[in-house]
Amino acid sequence: MADYSDIRTGRHCVFVLHAHLVFVTKFRHRVFTDAHLTRLEEIMRAVCADFETGLAEFNGENNHVHLLVNFPPKIALSKLVNSLKGVSSRRMRQEFPELAAHYYRANKLWSGSYFAGSVGGAPISVLRQYIEQQNRPV
């Protein structure tokens, strides 16, 4: 179960929603260094703040990044992903011109696809068992 510190409230709801996001570079090129990943984290934290979303964890390798985001139910995850990828691609290519050399055909940093997985809470088997054991009226 999530920590009580993770529980957030809205006007009409109480929620704990986490998602694991993975973004892969276009053509899986190995372009990131530690400096790139540090700046990417700063950019993605700023975008998350604009969406009232928390970036709980960030890390990556030379051709992909992992994000753990805590988001409110009013945010469509696909819109958050679109903004994260678009803003980070544009800013990274502006600030690090050497990245553009890898993408002379496609003026994009990220692959068009991404991974998003829900995270936290009880396993599906426990939830299924809990729902099955509810006292259904006759």
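How do strands β4 and β5 pair, and over how many bridges? Select residues 54-60 for β4 and bring up β5 beside them: the two run in the antiparallel sense over six bridges. Strands here are DSSP runs of E with at least two residues, helices are runs of H or I with at least four, and both are numbered from the N terminus. Two strands pair if DSSP finds at least two bridges between them.

Before going on, some ground rules: this is a predicted model, with local features needing pLDDT of at least 70 and side-chain atom pairs counting only at pLDDT 80 or more, while totals for chains, interfaces and linings use all residues. Residues are numbered from 1 along each chain as its sequence is written, and side-chain values use heavy atoms, leaving out hydrogens and water.

**Stop one: β5**

Now colour residues 64-70, which are β5. A hairpin of three residues joins β4 to β5. Click L55 and you'll find its bridge partner, V69, in β5. Then pick residues 18-25: that's β3, pairing with β5 in the antiparallel sense over seven bridges. Here H20 has L68 of β5 as its bridge partner.

**Stop two: the whole sheet**

Zoom out to the open sheet of four strands, ordered β4-β5-β3-β6 with antiparallel pairing. β4 and β6 (110-119) are the edge strands, each pairing on one side only. From one strand to the next, the twist averages 20°.

**Stop three: the helices**

Select 34-50 for α1 and 77-95 for α2. α1 packs on the sheet, touching β3, β4, β5 and β6, where contact means heavy atoms within 4.5 Å. The direction of α1 makes about 160° with that of β4. α2 also packs on the sheet, touching β3, β5 and β6, and its direction makes about 135° with that of β6.

Next, look at the helices against each other: they pack at an angle of about 135°, with axes 10 Å apart. Axes are lines fitted to C-alpha atoms, for helices over the stretch in contact, and angles run from 0 to 180 degrees between N-to-C directions. That makes α1 oblique to α2, the class left after under 35 degrees (roughly parallel), over 145 (roughly antiparallel) and 65 to 115 (roughly perpendicular).

To finish, show side chains in the contact: H36, R39, L40, I43, M44, V47 and C48 from α1 meet S83, L84, V87, S88, R91, M92 and E95 from α2.

How values were computed
Buried < 20%, exposed > 50% of the residue type's maximum accessible area, 1.4 Å probe, protein only.
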